[in-house]
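User: I'd like to learn how to read a few features in a protein model. Could you walk me through them with one case at a time?

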Amino acid sequence: MNNNKNTRNTNFSIKKIVIKNLKFNLHDLRYLPRWIIILIDGLVLMIAFIATHFLFKGTDLDYIVKTDASRFIILFFIVNIFFFWVFKSYSGIIRHSSYIDAVKLFFSQTSALLFFLTFNFAFELIYGHKAFSNIALFVYNTIAFCGLFLYRIVVKHVFDFYFLKRESEKLTKIFIFGTDANAIFVANAIIIEEPPRFKIVGFLDKTDQNTNKRMLDLPIFSQSKGISVLLKAAHAEGIILADKSLSVAEKIAIVDECLEFNYKIYSLPFLLNWENKKEISQNIKKIQIDDLLDRLPIILNDNSVANQLEGKTILITGAAGSIGSEIVRQILKYNPKQIIILDQAETPLHELGLEIKSLNSAMIVHAIVADVRNKGIMNSVFMAYKPQLIFHAAAYKHVPMMEDNPSQAVLNNVDATKKLADLACKYHVEKFIMISTDKAVNPSNIMGASKRIAEKYVQSLQFKYQTENEKFHTKFITTRFGNVLGSNGSVVPLFSKQIAQGGPVTLTHPDIIRYFMTITEACQLVLEASIMGNGGEIYIFDMGHPVKIIDLAKKMIKLAGFIPEKEIKIEITGLRPGEKLYEELLNDNSKTIATHHPKIMIAQEIIDEYETLHMDIEELIKISRFFNNKNIVTKMKKIVPEFISKNSSFEILDN
């Protein structure tokens, strides 16, 4: 009894599912079942057939010559549906009908026409007369093709105007800034994007040339009318910057105007393939703070870099860090023989190794977990792999932390650099590229002073051996740049985290300013320096205008969609130990020499005599092992006379 009841329930459930699947909602015509499309296509063919029949009947001509026409009519429709199946003309989504659907229909109908013309010819040879009128076949074919494609276009437009209207109200209404080919590519990519995010309400042009014209059936407005005014009038929520001719200054002005009135700004990174609509739509992102740096990016001499790096064995210390890992990624493009990635941080080094394998599975990668301060281990690395180039990015860099741990700053930033440089000479490394910082210029903290001492050592080592031996092999090169956006511990990730948590955003002083560059730019500078350096140079980068940190904080808050001081508070905490209001790229007594690259210069620094400097550094390292902070800092100030402590307990030593 129960079994029968269960069977009936099961049958009833199956029946409900079948009925439910056979139904379709008129308000959701996105994906019509294929059988419905075939039925509609068949109906169109029937209308075209009847229209042709009556058209020829009115001229006393027969469409089907044979009096017993039923079999020929059945054959006629079977053949047409067969070619629908061959060319899959029914498989397209009607609301996305395009010229490709027209091509499929054209080939389908043309194939059917050729079949019946051939059938007519064979029929006439056998029976002495034709089955169909050839002229009628041509007329029918034209009417059928027009009908089939026309109803697809009608459905597409009905869907766009009526059924998408409800959805479009949920989309972000935007203007596209630009009227060139790039803007059209972006617009087309947005139109076909699935799922849709934006509704385009018009284009913005920075000139008045295209005013009152239309593009993709959308209006074009001039920027001179005021972006915020146009956005408000169109009830738009933001803009997409698609005009690649915009200068950084123009971009910043547009962003500032939009942020002032709480409008969204989207941008696109540099794309290699503007024809790939999927790539374009995927890369439309909210504008980031590093898109607004007030300078042009570095352009690398790819051929020279390739000649320098291709087929070489390259060691990168500090490879798991933000700078080191980006150097690795950029080096991969130039096909080195093998890469040695070295860091004491196990997990991020492992992740970098996996990333390299995914980017270039054929690359020979040696991941070594080691401390650069251990000379025995580093000697084994040099002996085993014989690196030809070294990018030395390993360093302690957090200013307040090093102010509390001067011994570690010396042992990691000075002693480790000295040991690596000495090994580079011993094993005849071609080039040793050291990553330094603008905090080494007129240092006000222990971290900056330790990097300046490391700079001094590699320079003095270069000129010592170069003077003693004209055939000296290793070239020591230093690159010096400012703060790196997005690097570990930098201000931008900190602000982003604080904003995500609802604030407050903390900064140390309202007047503090800094130079900024992106991680990519910093590493491009390193690679460019590696090819142009002849040894002993300190390369500095023209970093544009310094950025006021409080302005950076306010802009980031606005980019996140909040109002500074109202929704997200800004809190001033006071200068940290060793911190100064501004950083420099040059010592007070230094000069610069231009290079062939307009954004890269050479700093002319006073070079210390090697023997004296070597003795002082050895003494400093020895003192550091006893962790006597006062003695360590006193010795550092002797080696770097311009080291004047700021906001630090070590200021007393300057007196």
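Predicted model: local features only at pLDDT ≥ 70, side-chain atom pairs only at ≥ 80, totals over all residues.

User: Is E326 buried or exposed?

Analyst: The cut-off for buried is under 20% relative accessible area. E326 has 14% relative accessibility, so it counts as buried. Setting aside neighbours within four places in sequence, E326 is in contact with I519, T520 and C523.

User: Next, ring pairs. How many aromatic pairs does a search of the whole structure find?

Analyst: The search turns up 10 aromatic pairs. To read one, you look at the distance between ring centres and the angle between planes; over 60 degrees counts as edge-to-face. F106 and F107 have ring centres 5.9 Å apart and planes at 70 degrees, so this pair is edge-to-face. Both partners are partly exposed: F106 has 46% relative accessibility, and F107 has a relative accessible area of 42%.

User: And what about Y457 and Y610?

Analyst: That aromatic pair is tilted, with 5.9 Å centre to centre and 45 degrees between the planes. Y457 belongs to helix α16 (residues 446-468) and Y610 to helix α20 (residues 610-624), so the pair ties together parts 153 residues apart in sequence. Y457 is buried at 2%, and Y610 is buried too, at 11%. Elsewhere, ring pairs join F115, F116, F119 and F123 into a cluster.

User: Which charged end sits over the ring of Y465?

Analyst: For this feature you check where the charge lies relative to the ring face. The charged end of K464 is over the Y465 ring, 4.2 Å from its centre. Another case is K637, which lies over the face of F643 at 3.8 Å from the ring centre.

User: How many residues does the largest nonpolar core have?

Analyst: Think of a core as buried nonpolar residues joined through side-chain atoms. The largest one here has 50 residues, and those with the most contacts inside it are L342, F382, F432, I453, F476, I617 and M636. Several elements supply at least two residues each, including β9 (338-343), α13 (375-385) and β12 (431-437). The largest share comes from α15, with 10 residues.

User: What is I617 in contact with?

Analyst: Leaving out neighbours within four places in sequence, I617 is in contact with V414, K418, I453, Y457 and I639. There's also a second, separate core of 41 residues, and V305, I323, V328 and Y334 are among its members.

User: At roughly what angle do the axes of α15 and α21 cross?

Analyst: Here you read the approach of the axes along with the crossing angle. The axes of α15 and α21 come within 9 Å and cross at roughly 50 degrees, which makes α15 oblique to α21. On the α15 side the contact is made by P406, S407 and V410, and on the α21 side by N629, I632, V633 and M636.

User: Let's finish with the backbone. What kind of peptide bond joins G503 and P504?

Analyst: Look at omega: G503 and P504 are joined by a cis peptide bond, with omega about 0 degrees. P504 is in the loop between α17 (491-500) and β15 (505-507).

User: Where is N262 found, and is N262 buried or exposed?

Analyst: The feature to check is phi. N262 is not a glycine, yet its phi is positive, about 60 degrees. N262 is in the loop between α8 (248-260) and β6 (264-267), and it is exposed, at 52%. N442, also not a glycine, has a positive phi of about 40 degrees; N442 lies in the loop between β12 and α16 and counts as buried at 11%.

Note on methods: Residues numbered from 1 in each chain as written. Heavy atoms only, no water. Phe/Tyr/Trp six-rings, centres within 6.5 Å; stacked < 30°, edge-to-face > 60°. Buried < 20%, exposed > 50% of the residue type's maximum accessible area, 1.4 Å probe, protein only. Helix = DSSP H or I, 4+ residues; strand = E, 2+ residues; numbered from the N terminus. Lys NZ or Arg CZ within 6 Å of the ring centre and 35° of its normal. Core = buried A, V, L, I, M, F, W, Y, C linked by side-chain atoms within 4.5 Å. Contact = heavy atoms within 4.5 Å. Axes fitted to C-alpha atoms, helices over the stretch in contact; angles between N-to-C directions. Parallel < 35°, antiparallel > 145°, perpendicular 65-115°, else oblique.
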